[in-house]
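Open the structure in your viewer and follow the stops below. Each one says what to select next and what is there.

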Amino acid sequence: WLASAFIWRYSSLAAIVAALSTPIIFFLRDGMSEMTALMGWMAFVLIYRHWGNLQRLMAGNELKIGKKKST
């Protein structure tokens, strides 16, 4: 998460990248295991919960880390 947040400065994008990379890392390390499946399920839930953020990212409306909302 930290590396992604530093590169792109979007917290929600960093969370999504971390969520997607976790089951991949578990799969490469352990193969298809119960833990890999659990990490995949958790990644799915996190992306589902961040769906609004993902839409704002694609629309270019998501705030970057350190930027203030303009009023």
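Start with helix H4, residues 51-59, and pick out Asn53, which lies in this helix. Keep in mind that this is a predicted model.

**Stop 1: Asn53.** Is Asn53 buried or exposed? Asn53 has a relative accessible area of 19%. The cut-off for buried is under 20%, so Asn53 counts as buried.

**Stop 2: its contacts.** Keep Asn53 selected and show what surrounds this residue. Which residues does Asn53 touch, leaving aside those up to four places away in sequence? They are Ser12 and Glu62. Select both and display their side chains.

**Stop 3: the whole chain.** Now switch to a cartoon view of the protein chain. There are four helices and zero strands. Trace the chain along the sequence, and the pattern reads α-α-α-α. The radius of gyration is 14 Å, whereas the globule rule gives 11 Å for 71 residues, so the protein chain is more spread out than a compact globule.

**Stop 4: dimensions.** Show the C-alpha trace alone. Along its principal axes, this trace spans about 50 × 20 × 15 Å.

**Stop 5: contacts across the sequence.** Take the contacts between residues at least 6 apart in sequence. Of these, 55% join residues at least 24 apart.

**Stop 6: the surface.** How many of the 71 residues, in percent, count as buried? The share is 25%, and Asn53, where the tour began, is one of the buried residues.

Technical notes
Residues are numbered from 1 along each chain as its sequence is written. This is a predicted model: local features need pLDDT of at least 70, side-chain atom pairs count only at pLDDT 80 or more; totals for chains, interfaces and linings use all residues. Side-chain values use heavy atoms; hydrogens and water are left out. Helices (H or I, at least four residues) and strands (E, at least two) are DSSP runs, numbered from the N terminus. Buried means under 20% relative accessible area, exposed over 50%, partly exposed in between (1.4 Å probe, protein chains only). Contact means heavy atoms within 4.5 Å. The radius of gyration is taken over C-alpha atoms; the globule rule is 2.2 Å times the number of residues to the power 0.38.
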